[in-house]
Amino acid sequence: MLVCAAVLVVFHLALIFSGLVPNLVSRPLHLALALPWLFFFTDRTGLSRYSGFVIGAVGIACTVWVAVNHDMLLDQYGFIESPMQTAIGFALLAVVLEGARRSIGWPLPLVASAALLYGLFGQYIPGEFGHSGTPLPSFLGTLTIAEGGIWGSLAGVSVSVVAIFVIFGAVLNAGEAGQGFMNIASAAAGRLTGGAAKVSVISSALFGSISGSASANVASTGAVTLPAMTRLGYPKRLSAAVEAVASSGGQIMPPLMGAGAFVMVELTGISYTRIMGAAILPALLYFLAVWIGINAYARRMDLAGLRDEDRATARQVAITSGFFLVPFGVLLWGMFVIRYTPQYAASLAILAAAVLLFFGADAKIDMRRTASRFEQALIGAARQVSMIASIILCASIVIGVLAITGLGVKLTSLILSGSGGYLWPSLILTALACLVLGMEVPTTAAYVICVSVAGPALSQLGLEPLQAHLFVFWFALLSTITPPVCGAVFIAAGMIGENWLKVAMTAMKLGVGLYIIPLAMIANPGILTLSDSPAYALFAFARIGVGLALVSNALIGKAAWPLRILFAAAGLAVVFGRVILGV
């Protein structure tokens, strides 16, 4: 297991430093290295375990065959030429679908399977939603032996960018960086009213900036913050809701954004630094709204700050903060000073973080501890890279079918006609689609599928590409706290032993920014212009912040209902006044 993890990590780092490698080599090998973690190194028993070995072995053989024969396959231009290639094509699709099912469950593989069935048999559907049909050798070949379908541009993002940042996060988490996040958070907010909850917000924002996974964020920071809030007498529903909402913010917090930032770069052609500049202020607004909500709950419930023994000392903060400030400093230096690519800068940051694994907060070098940390980093990175690969490659099947059959264009037309050609009805339709799909598939996959369909429609209605993509990405995140499927809430409620529905209702109040800010980005496009017009962006930030504060206090504050309704109306008017007035 450790050897496989090391090979996966070294392979992805070597791709960054070794120069150009053909896509039909790097992308299939990326899947080949992920397959053991999807099929071999699992906790399954019985028939499922044995079938996993068979399916994984077949998948590795097929992916290696594609990599070895990449020159020949390029000359075929996505057209299958033999029965053996047909078998390999079907096997690859089956392996990708089953890998995603074992990794994240049924919903996304079912969506991808439905897309495949549409591609194969859509010519028999009458009316405008049928298609003219694609010969099987061309359809299957485009999806499996050409640089489209499962080996398309999204796979390239998974190989060359997402994997590197996931490895970076795993190396940081294996050392003292996670404790550094917690120590800074406790020192900054521990003494405040509601301090334990605010520590959760700060630590989750910091940790989420590298993990990009709401579930991983809840499990890691929640292991510290939930017991602390419980000891101070916080209601369980509030403690779990704070952790779920704060942890969900990790997927919208630069630099990683749950892999969404790098997928956005590929889909829009916009530079990574510009996307970061556009994403940072909305993310800060989200955490500001959570902070204001915690203040409102603290006033209602007289919530205490952290006890002295639970707060980090200045010495602990100074020592442990270096374990993430140094790697982050290297990352920022590489990207913004030397102007390396994000993945190259992240590779340098990984090397810096790996050196720090030799050292501890106790100022000692313990080789046994160091070995354990390297093992944790390698295995954690391999598991996370493999899971994200399974998601992205499965979503790539859907994108490939949309492109081959033209279904994406037809769905875009449906959105435009259903909204009467008006922007805001189109936004509402898109938001509902993102919410429904996001309840069934992971955020990044839901974003990719939704933006492939709705993005062109929103662009035709006048939205800038970055606006449209960030809007869709934020609404794809709603499922982390919105019933009936709210993953972050389920985990937090389970960890603290509270009814998940109570937690979800509280989380929706605290996380009200998740529902308002995406629409506010459309009504106030200046919020996305920090890189180009800082003053304009900060003015929009302040206006939206005031509106969110009013809405949050309306939902959570102690005022009488008529006054709270007035607060909510005033808050929405502040945020959306320009749209309401038509200016």
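These legends describe close-up views of a predicted model.

**View 1. The second largest pocket.** This pocket holds about 550 Å³ of space. Its lining numbers 22 residues. Nearest the pocket centre lie Ile 16, Gly 156, Ser 160, Val 161 and Gln 343. Helices H1 (2-17), H2 (23-40), H8 (153-174), H13 (260-268) and H16 (342-356) each give two or more residues to the lining. H8 provides the largest share, six residues. By class, the lining has 12 nonpolar, eight polar and two charged residues.

**View 2. The largest cavity.** The count of cavities of 30 Å³ or more comes to two. The largest cavity contains about 40 Å³ of space. Val 171, Leu 172, Gly 175, Glu 176, Ala 177, Phe 323, Ala 353, Leu 356 and Leu 357 line this cavity. At least two lining residues come from H8, and at least two from H16. Seven of the lining residues are nonpolar, one is polar and one is charged.

**View 3. The second largest cavity.** About 30 Å³ of space lies here. The lining consists of Leu 154, Val 263, Ile 391, Ile 392, Ala 395, Thr 444, Ala 445 and Val 448. Helix H17 (367-405) and helix H20 (443-460) supply at least two residues each. The lining has seven nonpolar residues, one polar and no charged.

**View 4. Leu 510 in the largest nonpolar core.** The core has 193 residues. Tyr 286, Leu 331, Tyr 447, Phe 471 and Leu 510 touch the most other members. Beyond its neighbours within four places in sequence, Leu 510 contacts Leu 238, Ala 241, Val 242, Val 245, Ala 289, Val 290, Gly 293, Ile 294, Tyr 297 and Ile 556.

Note on methods:
Residues are numbered from 1 along each chain as its sequence is written. This is a predicted model: local features need pLDDT of at least 70, side-chain atom pairs count only at pLDDT 80 or more; totals for chains, interfaces and linings use all residues. Side-chain values use heavy atoms; hydrogens and water are left out. On a 1 Å grid over the protein atoms alone, a cavity is a set of points where a 1.4 Å probe fits but cannot get out, and a pocket is an open set with protein on both sides within 12 Å along at least five of seven lines; lining residues have an atom within 4 Å of a point. Grid points are joined across faces, edges and corners, and a volume is the space filled by probe spheres set on the points. Helices (H or I, at least four residues) and strands (E, at least two) are DSSP runs, numbered from the N terminus. Ala, Val, Leu, Ile, Met, Phe, Trp, Tyr, Cys and Pro count as nonpolar, Asp, Glu, Lys and Arg as charged, and the others, Gly among them, as polar. A nonpolar core is a set of buried Ala, Val, Leu, Ile, Met, Phe, Trp, Tyr and Cys residues joined through side-chain atoms within 4.5 Å. Buried means under 20% relative accessible area, exposed over 50%, partly exposed in between (1.4 Å probe, protein chains only). Contact means heavy atoms within 4.5 Å.
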